[in-house]
Every structure is written in structure tokens, then in C-alpha cells.
Amino acid sequence: MRRYSRITGTGSYLPPRRLSNQDLVAELAQRGIETSDEWIVERTGIRARHFAEPDVCSSDLGLEASRRAIEAAGLQPKDIDLIIVATSTPDMVFPSTACILQNKLGANGCPAFDVQAVCSGFVYALTVADAMIQSGAASRALVVGAEVFSRILDFNDRTTCVLFGDGAGAVVLEASERPGILASDLHADGSHVGILCVPGNVSGGQVLGDPLLKMDGQAVFKLAVGVLEKAARAALDKAGLTEADIDWLIPHQANIRIMQSTARKLKLSMDKVVVTVDQHGNTSAASIPLALDHGVRSGQVQPGQHVLLEGVGGGFTWGAVLLKM
């Protein structure tokens, strides 16, 4: 009998420190950087974001989200036999954030590794976990997106520092006789490395290059709206479904304009889109599982519904996962 995988629990966590646009505008003004709540909302749809305290790492945020997802699945940490963490802001150069999270969780012994595809990271990680469960290499996977992007922002660049926030989301993916992950479609094009990157690294105890985020917003927007529609349709085609079968679209929460454009191309009303970007900002690999957990716990996303997850990020990477809850 063929093995499939299904999501059996979701969880998320936001650090307590919430900054409204007005809070951030006031902080930036002290640096001599001018912006406004109106400017941020009009261009992005973002009204607030959460920043972690200096001693809090991605694994700490991931730990809280993971505990909630495991509890929702009715499991214990020791039941988990695979951990994949999607992050671009790891706790350290090595070992992986997944190994650090595993120890904090008390799930020692199972394979644990990170996936780095920036804002597409969760979609990539979920696809890898699904493949490992289908192959029999795992039965109960914990898939986490966790980020502390506040650490890599240039607060002298008002076009990028207002966009991002910190947070974590997680799902438990279990082996099942019934399909839960119906199809996925992943892509990357490394010729676009320069439009969204953190062009720095560590060597000999020194930071080489620039360790802060750089983005060509217009280039990212133009690429994103085109590739997201194609990935969505490819996933639907693989599952033998159409856009009319989508109950919920949960896109990467980067910018409300990109989300609206994607929904329009898929002939979906915004009533069918889970939106958290206004309160979370762009949390990179954490944004999709954060939004999914919000949708589940708010009662929007119901068992049996078709949900389309979509991510796009630096690399340039993009992809979609179609699932049945």
C-alpha cells in the first residue's frame, strides 16, 4: 500500500515585543531616517511586526512553535523521527538550528537538518519531509520555519527595514493511507542572486562583505508575481485539480500587493486568502506556517479543505505545495 503524508498538527510563536509602524517610525526618526505609517501600509499592507530580544535565537522561537504543533497532533517530542528547520538566520554557522532545536525539544536521536531557501524555505522543507515519509525513511516529521530577520536588517535603509519581522511556525507531518500532501512544485534560478541577498560571510574571525539584507524591491515584485502563478498551476495540474478547487490560498506573507496579484491571476477572491502580513510583516521561512496555524486556530481552515501554500524568496527560489487538510 502506498504511503502518503498528512499534516496532523500546527503551531506558531511570535516574540512578545510588537512594534507598530508608528513605533518603528519613531525609532527610525532618532536615526534621521524618515518614513510614515501611511507610506508603509500603502506599499506593503504591513501595520506591525514582532522583534525577538537579543538573547533569543531562531531555535528558541522554533521550540515554542514546535511544542504547540506536537501538542496539537496529540504526540510527545520523543514520537518525532525527523526534524527539518527552514531558516536563513540560524543560531550559529554550525551545527544546524535543527540539531539545537532537537536537543531543546528532547527529541534526540532522529535525523535533523536545516533547509536554506530563504522565504521559500518552508515549502521546500515540507516537500522534502513528504518525500522522506513516502519513501519510508520517516513516519512523524516536524517541519519548522523560524527566523530572526531583525538581526540582518539595515536600519538605515527605510525601503527594507520596515518589511521584516521575527517568528516561527511548525507542522507535524505524519504517514497516512490517505493523501494529505497532494502535489508540490519547486524551482530556483540562481541568475537572480543579486536582487535579494545578504552578501556577507565569516572568515578568520571577521565578517567579510556586508552582513545586512539588500533587496531590489521592484525586481523581486516583478519576478514573484509571474513565477507564483506558474507554480500554483503546476501543482494543481499534478493533482488533477483547478483553481476552483482551492478553498484557501496561503502565500508567503511578503507584501499585500503580491498576494492580491497572485489571487487575481488564480481567479480567487481575497476572502479565500489567509492574510497575516499586516500583523507579522515578512517573517521569511516562518511566514507560511505562521499563517497556516493562524488559519487553523481561527477556524478558517477546516479538515478536508484544499489549501495551496506558495513561497518565493532569495536565490531566486519559488514553489507551491497543494494539500488536503
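**Entry 1. Residues 113–190**

I looked up the stretch of residues 113–190 and found it to be 24% helix and 40% strand, with its end C-alpha atoms 22 Å apart. Helices (H or I, at least four residues) and strands (E, at least two) are DSSP runs, numbered from the N terminus. UniProt lists these residues, 113–190, in an unreviewed entry as "domain: Beta-ketoacyl-[acyl-carrier-protein] synthase III N-terminal". I noted that UniProt positions are given in the numbering used here, that feature names are shortened, and that annotations may be inferred rather than shown by experiment.

The model is predicted, with local features needing pLDDT of at least 70 and side-chain atom pairs counting only at pLDDT 80 or more, while totals for chains, interfaces and linings use all residues. Residues are numbered from 1 along each chain as its sequence is written, and side-chain values use heavy atoms, with hydrogens and water left out.

**Entry 2. The five-stranded sheet**

I traced an open sheet of five strands in the order β1-β7-β6-β4-β5, with mixed pairing. Two strands pair if DSSP finds at least two bridges between them. At the edges I found β1 (4–13) and β5 (112–115), each pairing on one side only. From one strand to the next the twist averages 20°.

I then followed β4 (residues 82–86), which pairs with β5 in the parallel sense over four bridges. Ile-84 stands opposite Phe-113 in β5.

Axes are lines fitted to C-alpha atoms, for helices over the stretch in contact, and angles run from 0 to 180 degrees between N-to-C directions.

**Entry 3. Helices α3 and α4**

I recorded that the axes of α3 (residues 58–72) and α4 (residues 97–105) come within 9 Å and cross at roughly 55°. That angle makes α3 oblique to α4; angles under 35 degrees count as roughly parallel, over 145 as roughly antiparallel, 65 to 115 as roughly perpendicular and the rest as oblique. The crossing of α3 and α4 is right-handed, meaning that the near helix is turned clockwise from the far one by less than a right angle.

On the α3 side, the contact (heavy atoms within 4.5 Å) is made by Ser-58, Ser-59, Asp-60, Gly-62, Leu-63, Ser-66, Arg-67 and Ile-70. On the α4 side I listed Thr-97, Ile-100, Leu-101, Lys-104 and Leu-105. By class, this contact of α3 with α4 has five nonpolar, five polar and three charged residues. Ala, Val, Leu, Ile, Met, Phe, Trp, Tyr, Cys and Pro count as nonpolar, Asp, Glu, Lys and Arg as charged, and the others, Gly among them, as polar.

**Entry 4. Helices α1 and α2**

I found the axes of α1 (residues 21–29) and α2 (residues 37–44) to come within 9 Å and to cross at roughly 125°, which makes α1 oblique to α2. The crossing of α1 with α2 is right-handed. Asn-21, Gln-22 and Val-25 of α1 make the contact with Asp-37, Ile-40 and Val-41 of α2. I sorted the residues of this contact into three nonpolar, two polar and one charged.

**Entry 5. The four-stranded sheet**

I traced an open sheet of four strands in the order β8-β15-β14-β13, with mixed pairing. Since β8 (181–188) and β13 (248–251) stand at the edges with a single partner strand each, one side of each is left without a neighbour in the sheet. The twist averages 10° from one strand to the next.

I noted seven bridges joining β8 to β15 (residues 317–324), and these strands run antiparallel. His-187 has Trp-318 as its bridge partner in β15. Lastly, I found α10 (residues 287–297) lying across β13 and β14 (306–313), at about 145° to β13.
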